[in-house]
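Hello,

Here is the structure I promised to hand over. Have a look at it first, and then read on for what turned up when I went through it.

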Amino acid sequence: MDIVKINHLAKSYGKSRGIVDVSFGIGQGEFFGFIGPNGAGKSTTIRILLGLISADSGEAFVLGKPLSKASEYLADIGYLPSEANFYNAMKVDELIKYSAKLRGKECDKEAKELCDRLELDTKKKISELSLGNRKKVGIVCAMQHKPQLYIMDEPTSGLDPLMQNEFFSLLNERRKEGATVFFSSHVLSEVQQNCTRAAIIREGNIVAVDSIENLSKTRAKRVILHGINSLPDAIQAKSVEATNTSVAFLYQGDIKNLILEIGRLPITDMTITEPKLEEIFMHYYE
C-alpha cells in the first residue's frame with residue numbers, strides 16, 4: 001500500500017509558479033527522497049500534503065485518506081519544516097510537552113530518550129537556543145509520538161555533522177520498525193546515503209522517479225584536459241569548468257568521437273573518471 005499517493009498536483013501563487021505537475025507514490029517502510037534545487041516546488045508539495053495550503057488541481061492521499069480529510073491523518077505524521085519557529089518564552093521541556101498534548105498523547109519516556117541522544121538541554125528557554133538546538137527541538141516534537149509517517153523538509157540545516165549522523169540513525173531505526181520517511185533535501189549526499197528511492201523535481205515538474213541506484217547510473221564521464229583553457233565546439237560538453245591550464249567537463253556522447261577530437265588538441269595530460277553524484281544529478285536539473 002502507498003502511504004503517500006500523489007496524482008498530478010498543481011499549485012500557483014498568482015503569477016508565480018508553485019508546482020505544475022507532481023505525481024509519485026511512497027510505499028510503507030520506504031525512506032523516500034524528494035530532490036530538487038531551492039525553489040523547485042518541494043515545500044509547496046509538502047504543505048499541500050499537510051493541508052496547510054490547497055492545490056489548484058490534482059489529488060493526493062496520505063495514509064489512505066484524501067487531502068480533504070487532513071485533520072484525520074495529521075496526528076500520525078511527524079513533520080519537521082526547514083525553519084521551525086517556537087514560542088521564545090517557553091522552556092524546551094514545556095514546549096515538548098505542549099506538542100505532545102496537542103496530539104493527545106503521553107510521550108515523556110520517548111521525549112527523554114530523544115533529548116538524551118540529541119544532547120538537548122531541556123531547561124533552557126527557546127530564546128536562548130542556537131539554530132542547531134532549535135532544530136533539535138523540532139526533531140523531538142516531530143518524533144516523540146512515534147508516527148506512521150515522517151515528513152522532513154530540509155531537516156539537517158543547522159545540525160553539526162555528529163548530530164546529523166544521530167538524526168539519520170533515529171530515522172532509520174523508525175523505518176525498520178515500520179514507519180515511512182519522506183525526506184526532502186537538496187543535499188544529494190544525504191539522499192544517496194539514506195534513501196532507497198527518490199523523486200526529482202525541477203521547476204514544479206517531476207522529471208524522474210526511481211531507485212537511487214538507477215538514478216545514479218549514467219553514461220556521463222568526467223573528463224579533465226590539461227594544457228588547454230577552452231574546448232572546441234566539436235566537443236559537446238556539460239558543466240564545463242576552465243582554468244588557465246585545464247578544462248574539466250561532463251561528456252555523455254560517443255567516447256570514440258571524444259578521443260578523436262582530443263587527439264587534435266595540444267593537451268599535456270588527461271583524466272577520465274566516473275562523475276560525482278552531484279554531477280550525475282545535475283543533468284536532471286539543467
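Let me start with helix α9, which spans residues 255–262: Leu258, Glu261 and Ile262 are its buried residues. These residues sit on the same side of α9, because the arc they cover around the axis is only 100 degrees. As a reminder, an α-helix has 3.6 residues a turn, so residues three or four places apart point the same way. And what do the buried residues of α9 pack against? Their partners are three strands: β11 (221–226), β13 (246–251) and β14 (269–273).

Please keep in mind that this is a predicted model.

Now for the chain as a whole. It contains 10 helices and 14 strands, and its C-alpha atoms fill a box of roughly 70 × 40 × 40 Å along the principal axes. Of the 286 residues, 46% are buried. The accessible surface comes to about 14,300 Å², with 48% of that belonging to carbon and sulfur atoms. If you take the contacts between residues at least 6 apart in sequence, 68% of them join residues at least 24 apart.

Next, the interior. In soluble globular proteins, nonpolar side chains tend to be buried together. Here the largest nonpolar core has 39 residues, and Ile96, Val137, Val140, Met143, Met152, Leu171 and Phe183 have the most contacts inside it. Helix α5 (residues 131–143) gives the largest share of this core, with six residues. There is also a second, separate core, made of 27 residues, with Ile26, Leu50, Val62 and Tyr73 among them. Met143 is worth a click in your viewer: beyond its neighbours within four places in sequence, Met143 is in contact with Glu110, Leu114, Tyr150, Met152, Leu170, Leu171 and Arg174.

Helix α3 may interest you too. Its buried residues are Val92, Asp93, Leu95, Ile96, Ser99 and Ala100. They lie on the same side of α3, since they cover an arc of only 165 degrees around the axis. That buried set packs against α4 and α5. On the face of α3 turned away from the buried side you will find the exposed residues Lys97, Lys101 and Leu102. Just after the helix, Gly104 takes a positive phi of about 70 degrees.

Tyr87 belongs to the loop between β6 (77–80) and α3 (92–102). Is Tyr87 buried or exposed? Its relative accessible area is 51%, and as the cut-off for exposed is over 50%, Tyr87 counts as exposed.

That leaves the charged pairs. Side chains of opposite charge can pair when their charged atoms come close. How many salt bridges does a search of the whole structure find? The total is 10.

One of them joins the side chains of Asp93 and Lys123, at 2.9 Å from N to O. This pair links distant parts of the chain, with Asp93 in helix α3 and Lys123 in the loop between α4 (108–117) and α5, 30 residues apart.

The others I would point you to involve Arg117. Arg117 pairs with Glu166 in a salt bridge whose closest N and O atoms are 2.6 Å apart. Here, too, distant parts of the chain are linked: Arg117 is in helix α4 and Glu166 in helix α6 (residues 161–176), 49 residues apart. Arg117 also meets the side chain of Glu173 in a salt bridge, at 2.9 Å from N to O. Because Glu173 lies in helix α6 and Arg117 in helix α4, this pair ties together parts that are 56 residues apart in sequence. Arg117, Glu166 and Glu173 are therefore linked in a network of salt bridges. Within it, Arg117 is partly exposed, with a relative accessible area of 23%, and Glu173 is partly exposed as well, at 35%.

Happy browsing, and do write back with any questions.

Best wishes

Methods: Residues are numbered from 1 along each chain as its sequence is written. This is a predicted model: local features need pLDDT of at least 70, side-chain atom pairs count only at pLDDT 80 or more; totals for chains, interfaces and linings use all residues. Side-chain values use heavy atoms; hydrogens and water are left out. Helices (H or I, at least four residues) and strands (E, at least two) are DSSP runs, numbered from the N terminus. Buried means under 20% relative accessible area, exposed over 50%, partly exposed in between (1.4 Å probe, protein chains only). A nonpolar core is a set of buried Ala, Val, Leu, Ile, Met, Phe, Trp, Tyr and Cys residues joined through side-chain atoms within 4.5 Å. Contact means heavy atoms within 4.5 Å. The arc is that of the directions from the helix axis to the C-beta atoms. Accessible areas come from the Shrake-Rupley method with a 1.4 Å probe; for residues, only the protein chains shown count as cover. A salt bridge is a side-chain nitrogen of Lys or Arg within 4 Å of a carboxyl oxygen of Asp or Glu.
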